[in-house]
Amino acid sequence: MPERTVLVTGAAGFIGSHVTEALLARGDRVIGLDNFEPNYDPDIKRANLASALSDERFELIEGDIRDPQALEAAFDHDAETVVHLAARGGVRASLTDPEGYYATNVLGTISVLQAAARRGVSQVVFGSSSSVYGATNTVPFSEDQPTDRPISPYAATKCAAELACYTWHHLYGIPTVCLRFFTVYGPRQRPDLAIHRFVRIVREGQPIPRFGDGSSSRDYTYVADIARGVLAALDLDAGYQVINLGNSSPVTLAELIGLVADATDVVPAIEEMAARAGDVPRTYADIGKAGRLLGWVPEWSMADGLREFVAWYDRTFA
């Protein structure tokens, strides 16, 4: 592929920083936009970009996607395509601040789409979530299933943002791919997410909280696989598409605790807790469409990915 200029919103985040590095590695120029929101330590987010900042083809703009001046400054660097990953993440925090989630995840996405339409970009890739499927019992989750029963404010904002992506595609003809990410993990994972919390707890010698009976399951997907999928979606010319990116191999909570024990070489104590509101009982990706349209299949096993995460955690926080 010839060099392109790609705008990555949320570039300093967990997934955004990996996507940024993958784009630079293949020869693209990247404009990173991030507001370094202090939902966790902004210094961690700055460290995420250490490699990218050493590359002359990377430009960082500090600003919010809801700020018209910041967006204009980002697009003034002649971005040809957009990877929109900036968002408020997490189910539980959305229960206490639904207005904030709506403002960023819905209104912020509309601001990005409006700017993309004005500038005539050639492709938009939007980072959505498996949470849009809600508490369905139909597995695996396929892209043609209804997504009109989200069970958390976070999930509702991702549903709304997907609808906005379709509307702006319809009105302005921008090729757009909404990627539904399934429980992404790996180095730089947000501190509030389960694998990061479990490894930290184990290293601190504390018991792991097990919410519910341990039978809930997630389709954990390694971040390098997700980054490959994002780059493949940027190269797709197929109008408007919604595509799952998952490992298609769900792991129960009880199994995850065992895998963390193996990766850390520590058998943790378990603290039993009640199931939490807003959590779906399972996620399980049908990835046939990703294979057909993107030529994408996951390459990382859960055991290998967890070992990589633990190695990163020990280097970073020891």
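A word on the ground rules. Because the model is predicted, local features need pLDDT of at least 70 and side-chain atom pairs count only at pLDDT 80 or more, while totals for chains, interfaces and linings use all residues. Residues are numbered from 1 along each chain as its sequence is written, and side-chain values use heavy atoms, with hydrogens and water left out.

Let's start inside. By a nonpolar core I mean a set of buried Ala, Val, Leu, Ile, Met, Phe, Trp, Tyr and Cys residues joined through side-chain atoms within 4.5 Å. Buried is under 20% relative accessible area, exposed is over 50%, and partly exposed is in between, using a 1.4 Å probe and protein chains only. The largest such core has 42 residues, and Val19, Val83, Leu179, Phe181 and Leu294 have the most contacts inside it. Strands S1 (5–9), S6 (176–181) and S11 (240–245) each supply at least two of its residues, as do helices H1 (14–25), H9 (223–234) and H11 (288–294). Helices here are DSSP runs of H or I with at least four residues, strands are runs of E with at least two, and both are numbered from the N terminus. Which helix gives this core its largest share? That is H9, with eight residues.

Take Leu179 as an example. Leaving out residues up to four places away in sequence, Leu179 touches a list of partners including Phe126, Val230, Ile243 and Leu294; contact means heavy atoms within 4.5 Å. There is also a second, separate core of 26 residues, with Ala70, Trp168, Ile174 and Val242 among them.

Now to the charges. A salt bridge here is a side-chain nitrogen of Lys or Arg within 4 Å of a carboxyl oxygen of Asp or Glu, and the count comes to 22. In one of them, Arg188 meets Glu21 at 2.8 Å, N to O. Arg188 sits in the loop between strand S7 (184–185) and helix H8 (194–203) and Glu21 in H1, so this pair ties together parts 167 residues apart in sequence. Arg188 is buried at 16% relative accessible area, whereas Glu21 is partly exposed at 22%.

Another pair is Arg92 and Asp279, with closest N and O atoms 2.7 Å apart. Arg92 belongs to helix H5 (residues 91–96) and Asp279 to the loop between strand S13 (270–273) and H11, so here the linked parts are 187 residues apart in sequence. Both are partly exposed, Arg92 at 33% and Asp279 at 27%.

My next stop is helix H6. At 1.5 Å a residue, times one less than the number of residues, the 22 residues of H6 (98–119) should span 32 Å, and the end C-alpha atoms are 31 Å apart, which agrees. H6 does bend by about 25° at Gly108, taking the angle between axes fitted to the seven residues ending there and the seven starting there. The buried residues of H6 pack against several elements, including S1, H5 and helix H7 (153–172). Just after H6, Gly120 has a positive phi of about 65°.

To finish, some backbone details. Where is the cis peptide bond? It runs from Val139 to Pro140, with omega near -5°, and Pro140 lies in the loop between strand S5 (123–129) and H7. Thr183, in the loop between S6 and S7, has a positive phi near 35° without being a glycine. Ser248 also has a positive phi, about 60°, and is found in the loop between S11 and strand S12 (251–252).
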